[in-house]
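Hello,

Here is the structure I said I would hand over. Please open it first, then read the notes below with it on screen.

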Amino acid sequence: MKLELSGITKTFGSLVADDHVDLTVEPGEIHALLGENGAGKTTLMNVLFGLMHPDSGDIALDGEVVHFPDPGAAVRHGIGMVHQHFMLVPVFTVAENVVLGFEPTRHFGLLDRRRARADIHRISQEFGLEVDPDALVEDLPVGVQQRVEILKALSRDAQLLILDEPTSVLTPNETEALFAIMRSLVVSGRSILFITHKLKEVLAVADRITVMRAGAVIGTTTSQATTESELASMMVGRSVELVVHKEPARPGEVVLAVEDLTVEDARGLTVVDHVSFEVRGGEILALAGVQGNGQTEIEEALCGLIEVAAGRITLLGRDITRATPKARLRAGIAHVPEDRIRDGLVTSMTIADNLILDVFDVAPHARLGARNLREVACSGKERMSDFDIRAGSVDVLVSTLSGGNQQKVIVARELSRQTTLLVAAQPTRGLDVGSIEYVHRRIVEVRDRGAAVVIISSELDEVLALGDRIAVIYRGAIMDVVGPSVGRERIGLLMAGVTGDGAASSQTGVETGQ
Amino acid sequence: MTAVAILGGKPAVASEARIVSAGRRRGMGIFLVLASVLMLLTFGLGVSAGAETTFRLTSPFSTAWYLAPLHFPVRETSVVMAVVCAALGLLLIVRRRTRGTFVIFSLGVVLFLWSFLAWAARNNLLDLAGMIGATLISAIPIIFGSMSGVMCERSGVINVAIEGQFLMGAFIAEIIASASGDLWLGLACGALAGGLLGGLLAFLSLRYSADQIIVGIVINAFALGLTNYLTDTLLVPYQNTLNSGPTFSPIAIPLLDKIPIIGPDVFDQNIFVYLAIVLLVVLTTGLFRTRWGLRLRAVGEHPEAAETVGIHVLTVRYRNVIWGGVIAGIGGAAFTIGSTGEFSSDMTAGLGFVALAAMIFGRWRPYGGLLAALLFGFANSLQATLSVLNVPINPNILVMAPYLITIAVVSGLVGRVRPPANDGKPYRPQ
Ligand SMILES: Nc1ncnc2c1ncn2[C@@H]1O[C@H](COP(=O)(O)OP(=O)(O)OP(=O)(O)O)[C@@H](O)[C@H]1O
Ligand SMILES: [Mg+2]
């Protein structure tokens, strides 16, 4: 299907999110849309999908101008969209989520569950997207939820598929699999609009690339004709260092010690299996692994968000295994959670308030039990400019921020405090290259100030760029701890549960400190 | 392990069972053990040795097949039941499995009630069949109310106005049925009145995103004021023409009404009981097995997600809140044309709020609401029975019983209930 957007403008009050955007997607084309956080990509896609109405401009499909009063109309015209933030009902099963809005029914509107399940099986077989149709979505790790979203769009036989940052939570293998699906989809004449911040991906999969900045199209190019650094500077308007420069770590004393940590899930199954490791001040330990192998639970155990079945966690020699999250916070643990909307932000509050959620009740943000709003606004402004959070003012609700800017709010809050231990899960999820560069630099700074840092990431680039040591986790146990020099290949294999030599396979939870 | 389960593609279905935490289980066990001590000391050993109780299983004039009354010695029975109850409590304390917790607990509570009733009616006669009938009768409006609540809240709108819808439904149904002599017309108009108030709630809270609870309370005050005013100006002067209408008479269902004990109580009743049963079935099936229900629940859980698949969130909410009002209006009609055939001011006496509590206790599920409503109905009939039996408990405390049970049940037993995620939150499309 051929898509032509011409002169699309969308404003929110005084903010111009999209400014006369023209964009053409040819049939059978994978078209990448790049741009900084807040450039207006998601807004443009929401307009195209009928979720928002443009102030002006036209949408034409195969040469015919169309108007979408609501997303249902867009879907009927053959448009499918995978949203940047999951549009899944957590308490529904995978099957219920996939069929919602387009349910197969028998007489009297009774749901035809068998057919729904069979359809899902068929599509997941066809595209290699393995999911269990009867699993509750809330029980699934984000990576699998993402798969459900893609499945949902595919099940409606979309001719034009919009993918808004579908790969930000996928592992390299999953991403490869998705690309294979995308390629097979366009062969049959479908078109794909693909939004991502990962330049490697763009070059690997896209036919043409359009770059946006501040609501306007900067230019369109092809993946043959460009390079990563050229794209990066087109996006950000300056040249960007794609790799962090950091000095070798100078590890000090042990800050975090985890001994025999065991965590069980609600059903009593072991998800973290006797894991032990140590992190010293001034070093970064990267926990690498495919989503759903227990790293989320380790993260939550470190921050006191779940109950520990057995084991000990000590911070600077003090046992904090059963300490409350607040006590840990006061002890200097900073935490960037994996799911930013659920655990990191109160989206119905302002940027300023979200920036001080952890310290709202202590000086200088509060005095004698009353909040000091001037100070809150003042420090809010400072952090907004430090971390380049793009929004009208500090009083803007976080819910209206672009995804990347929401992430920056969390990172800004957590990195601004005096920390002894930083636990960051997917800290740069959804950030543009410029912001990744900045956040990585700040994380290295935290390390260099002597804090221990645990990075949890399924992003190999990030793991390799930040980790002084890399612990690879698989099925709740640490397979091995390696240096960043061992290379992507070996880490990828470890993540899949393959140990290089037979001897290592019997070791779980090994500590190979430096 | 989760990881393995997911990688292996095995289902990760969360059962409802996991809602009962170990602590709560232990708490229930301790409760039963304490109850058994009371049973043993007061209802058992505290009773003189020869005392007997009679539980009547078939009321006089009843159409059911006759079952002879149960005679039994209070003391021995209570002691045995106390031992069993204590054993059940201990079982709950030591058990590690969650499954069946509620069944064991309920069994213990039944034993406790049985021995309590035996004690209360010692050397006397207790009409068990009559009690069951009274339970159902007082539960009927609550059942309709809780179903109305389920309809609204599953779509994300809190219906605090059930009380007002009850009152309006009761009033309109009565006045129309009296004036026209047509019961069905009265019922329809009562339902319509409830629906109109539902529409008002929907309009104010959806169109203007007003706080749903405040709108609900205002509607209640409005309904109370209006019916009071109209009672004084219309019903009192024209008592004979406007406020002494016909009532629905019982319809016996052949054979079923012969079932011992519950037969006449359930199957020789007026249209409201049958309507409630039909509604229960339709709503349960509708909510969980049809397209309609899936969409409705999606709107209450995650309206943005519903919107992205082309569901019109506000339309769904409007529709449900109005239908919820209709159901509550029918429940209101049960107070008048389903019962005495006379309206009196504020006759619903807060039962609309009890219905709301029943819905919460019933975990936003139709059959849960029904069971909870029956529990409240039982508390009510228990109170009536006890006052007849001259039990030495202050009558005011007895009248409080249904409400005390509401509080105990909502705070202690329900555990972690999870309302629809967007219940009560306004939704604004882009
Ligand atoms: N509903 C809304 N109300 C007000 N402002 C909004 C709303 N939605 C988006 N915006 C603003 O519009 C701008 C563009 O946002 P958009 O989500 O399109 O960015 P994006 O390019 O998708 O960024 P990212 O890569 O971070 O996802 C941002 O400044 C954002 O704050
Ligand atoms: Mg976006």
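A salt bridge here is a side-chain nitrogen of Lys or Arg within 4 Å of a carboxyl oxygen of Asp or Glu. Side chains of opposite charge can pair when their charged atoms come close. Keep in mind that this is a predicted model.

**The two domains of chain A**

Chain A is divided into domain 1 (3–236) and domain 2 (243–332 + 418–514). Their centres, taken over C-alpha atoms, are 32 Å apart. Where they meet, 20 residues of domain 1 of chain A are in contact with 14 residues of domain 2 of chain A. The size of an interface is often given as the accessible area lost when the parts come together. For domain 1 and domain 2 of chain A, the buried area is about 1300 Å², with 57% of it on carbon and sulfur atoms.

How many salt bridges are counted between domain 1 and domain 2 of chain A? There are two salt bridges between them. The interface also has five residue pairs in polar contact. On the domain 1 side, helix 5 (142–155), helix 7 (199–205) and helix 8 (228–236) of chain A each supply at least two residues. Helix 8 of chain A gives the most, with three residues. By class, that side of domain 1 of chain A has 10 nonpolar, six polar and four charged residues.

**The two domains of chain B**

Now turn to chain B. The domain assignment gives domain 1 (22–123) and domain 2 (130–410) of chain B. The contact takes 14 residues from domain 1 of chain B and 15 residues from domain 2 of chain B. The C-alpha centres of these two domains of chain B lie 32 Å apart. About 1200 Å² is buried between domain 1 and domain 2 of chain B, and carbon and sulfur atoms give 76% of that area. Look for B:Thr63, B:Trp65 and B:Leu117. They supply 37% of the area that domain 1 of chain B buries against domain 2 of chain B, more than any other three residues.

The count of salt bridges between domain 1 and domain 2 of chain B is zero. The rule also finds zero residue pairs in polar contact across that interface, with both residues required to be at pLDDT 80 or more. The touching side of domain 1 of chain B has 11 nonpolar, three polar and no charged residues.

**Salt bridges to find**

A search of the whole structure finds 32 salt bridges over all chains. A:Arg390 lies in the loop between helix 13 (373–386) and helix 14 (403–415) of chain A, and A:Glu36 in the loop between strand 3 (30–35) and helix 1 (41–48) of chain A, so the pair ties together parts 354 residues apart in sequence. A:Glu36 counts as buried, at 7%.

Next, A:Arg447 forms a salt bridge with A:Asp468, at 3.0 Å between the closest N and O atoms. A:Arg447 sits in helix 15 (residues 433–448) of chain A, and A:Asp468 in the loop between helix 16 (460–466) and strand 21 (469–474) of chain A. The two are 21 residues apart. A:Arg447 is buried, with a relative accessible area of 1%. A:Asp468 counts as buried too, at 10%. Both belong to a network of salt bridges that links A:Lys246, A:Arg447, A:Asp448 and A:Asp468.

**Where chain A meets chain B**

A:Glu96 forms a salt bridge with B:Arg297, the closest N and O atoms being 3.9 Å apart. A:Glu96 is in helix 3 of chain A and B:Arg297 in helix 12 (residues 291–301) of chain B, so the pair joins two chains. A:Glu96 and B:Arg297 are both buried.

A:Glu103 lies in the loop between helix 3 (94–99) and helix 4 (113–127) of chain A. It is buried, with a relative accessible area of 6%. Leaving out residues up to four places away in sequence, A:Glu103 touches A:Leu111, B:Arg291, B:Leu294 and B:Arg295.

Best wishes

Methods
Residues numbered from 1 in each chain as written. Chains lettered and ligands numbered in written order. Predicted model: local features only at pLDDT ≥ 70, side-chain atom pairs only at ≥ 80, totals over all residues. Heavy atoms only, no water. Domains from an automatic or database assignment. Contact = heavy atoms within 4.5 Å. Buried area = accessible area lost by both parts, 1.4 Å probe. Polar contact = N/O pair within 3.5 Å; in protein donor to acceptor, adjacent residues only side chain to side chain. Nonpolar A, V, L, I, M, F, W, Y, C, P; charged D, E, K, R; others polar. Helix = DSSP H or I, 4+ residues; strand = E, 2+ residues; numbered from the N terminus. Buried < 20%, exposed > 50% of the residue type's maximum accessible area, 1.4 Å probe, protein only.
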